[in-house]
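Subject: Structure handover and notes

Hi there,

Here is the structure I promised to pass on to you.

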Amino acid sequence: MRRTFARIALFVCLSLTTTVASNLFADPAAPTLSVPPAAKTPAVEALPAASPAVDQKVGDPNAVKPPEAKAEVAVPGSVTALQLELGKTDTSSFTLSGRDARQQLVVTGVLASGALRDVTHHVKYEVSPSGIVTIGKGGLVTPVSEGTATVSITHPSGKTVLTQVHVNQIVQDVPVNFPNQVVPVFTKFACNSGGCHGKASGQNGFRLSLLGFEPTEDFEHLVKEARGRRLFPAAPDRSLLLQKAAGTVPHGGGARIEVDSAPYRILRRWIEQGMPYGNATDPVVTRVELFPRERTLGRNGEQQLVCIAYYSDGQTRDVTSMTQFEPNDPEMATVSETGLVKSNEMTGMVAIMARYQGQVSVFRGIMPMGIVVDNLPPTKNLIDEHVFAQLKTLGLPPSQLCDDATYIRRVSIDITGRLPTAAESEKFVADTNPNKREQLVDSLLASSAYADYFVGKSRAILRNKRHTEAHAHGSF
């Protein structure tokens, strides 16, 4: 049982990282490819216009490269077609229900090489007839009046894509649901975080539940506490909640939202409607998804995201403007409140987490080095397939295969947590069996040292404790 558990732990560890694989096989004497962040290397993508990128060397021209590394940057080519992303399969039309509904358009350019690049902020939007919806430069569609309109999206290359938008429930307004629509505003702008009103004692007499996990308590604090002084349905814009959030009156946290922005309009409409809480039968969010899920950005590239919430009654809604975005490495990429991801000079992979109503989705952005990787070692197992595919995607050439002495040292440390003995090393180096590396791994996995090592690591991760004397090992 102990050995079986340890084997599972090893597989999980190897699946979560490619570092172990590259350490096992990399030649310590092999030169590495240096790409300093300050190097002004152009992105590996086509510009918004239809001009192809120029081949250039990556990084320091004096840096030593492995023999297999070809310092060639693939030229993606010009835009040959446009794709529209709405967070659903059918992109021929979409519906906006309510005056504060939103739909973020994501426009993708298909390049001659087959690569995909975001052109959302570099296309022209036209609506016919006018007066139904308005579209900002970033592709955000907002309703104006009920009806149907056609949206035409044109790239500077001349490529065009069309979609239809249907607008309803403007005259007869849609009731605002407090847990589904108001609480996410507080979460997005950190109003209910532990450093603000979400802490146990609140902030300056106003308290919210941490991250909005208790919406009924939040409703009580807002609507009924302090004689309802924070809300003014007769003149919503004069409500203390909006004035402090927008910074029109002194606020310790400063201005958090802009007047007439999407979050501001949601809060204003909720106050205007008399601060309804919602019904117990109202649909709830079951999951959220980011679109696209993965995309190659290149250096100094950008990618617009759209976050779609799925509700228990089968409906979907664009909640991008109410979603909280956070990158796992701000030095590699940043993300705006509207979901626009911008990569920096560094290469690698970055994850953008989107959080809405306790639901989470992740976008992965790839900033490749841009080198053609065409001389990889033979693939011998499932992990090799994924590691090598990732190296090709990142444009990162591998180091040379290490020698036998280095291999036995590294694999022994990774699997058993100890160095091999001198006798074990000499025997392994002298062995002429072509499958000796695979046999070494199998023998180490079958050893008690491997089981002890990974059980110990798992125990540290799980923080196992002995709570009673019966849990202690006996000495007889």
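Below is what was found in it, grouped by region.

A word on conventions to begin with. This is a predicted model, in which local features need pLDDT of at least 70 and side-chain atom pairs count only at pLDDT 80 or more, while totals for chains, interfaces and linings use all residues. Numbering starts from 1 along each chain as its sequence is written, and side-chain values use heavy atoms, with hydrogens and water left out.

**The cores**

A nonpolar core here is a set of buried Ala, Val, Leu, Ile, Met, Phe, Trp, Tyr and Cys residues joined through side-chain atoms within 4.5 Å. Buried stands for under 20% relative accessible area, exposed for over 50%, and partly exposed for the range in between (1.4 Å probe, protein chains only). The largest nonpolar core has 46 residues, and the members that touch the most others are Phe 186, Trp 270, Val 341 and Tyr 356. Helix α6 (residues 262-272) gives the most to this core, with six residues. Helices (H or I, at least four residues) and strands (E, at least two) are DSSP runs, numbered from the N terminus.

Setting aside residues up to four places away in sequence, Trp 270 touches Val 176, Phe 178, Val 182, Phe 219, Leu 222, Val 223, Leu 231, Leu 241, Met 275 and Pro 276, where contact means heavy atoms within 4.5 Å. There is also a second, separate core of 23 residues, with Leu 105, Val 119, Ile 132 and Val 161 among them.

An open sheet of three strands runs in the order β1-β4-β5 with antiparallel pairing; two strands pair if DSSP finds at least two bridges between them. Its edge strands, β1 (79-85) and β5 (116-118), each pair on one side only. On average, neighbouring strands in this sheet are turned by 30° against each other, direction ignored. The axes behind that angle are lines fitted to C-alpha atoms (for helices over the stretch in contact), and angles run from 0 to 180 degrees between N-to-C directions. Six antiparallel bridges join β1 to strand β4 (residues 106-111), and Leu 82 stands opposite Gly 109 in β4.

**Around β19 and β20**

β19 and β20 pair in the antiparallel sense over nine bridges, with Arg 355 opposite Val 360 in β20. Strand β16 (residues 324-327) also pairs with β19, antiparallel and over four bridges, and Phe 325 has Ala 354 as its bridge partner in β19. The β19-β20 hairpin has two residues between the strands, and Gln 357 takes a positive phi near 55° there. Gln 357 counts as partly exposed, at 29% relative accessibility.

Ser 361 sits in strand β20 (residues 359-367) and counts as buried because its relative accessibility is 12%. The side chain of Ser 361 reaches the backbone nitrogen of Leu 290 at 3.0 Å. Leaving aside neighbours within four places in sequence, Ser 361 is in contact with Val 288, Glu 289, Leu 290, Ile 352, Met 353 and Ala 354.

Val 306, in strand β14 (residues 306-311), is buried with a relative accessible area of 0%. Beyond four places in sequence, the contacts of Val 306 include Gln 103, Val 106, Glu 289, Leu 290 and Thr 320.

**Backbone points to check**

Most residues other than glycine have a negative phi, and most peptide bonds are trans. Two cis bonds are listed here: Ser 128 to Pro 129, with omega near -5°, and Phe 291 to Pro 292, with omega near -10°. Pro 129 is in the loop between β6 (124-128) and β7 (133-135), and Pro 292 is in the loop between β11 (285-291) and β12 (294-296). Leu 211 has a positive phi near 55°; it lies in the loop between α3 (178-188) and α4 (215-223) and is partly exposed at 34%.

**Helix α8**

Helix α8 (residues 404-416) has 13 residues and reaches 17 Å from its first C-alpha to its last, close to the 18 Å expected at 1.5 Å a residue. That expected span is 1.5 Å times one less than the number of residues. Its buried residues include Tyr 407, Ile 408, Val 411 and Ile 415. Just after α8, Gly 417 takes a positive phi of about 75°.

Best wishes

Technical notes. Polar contact = N/O pair within 3.5 Å; in protein donor to acceptor, adjacent residues only side chain to side chain.
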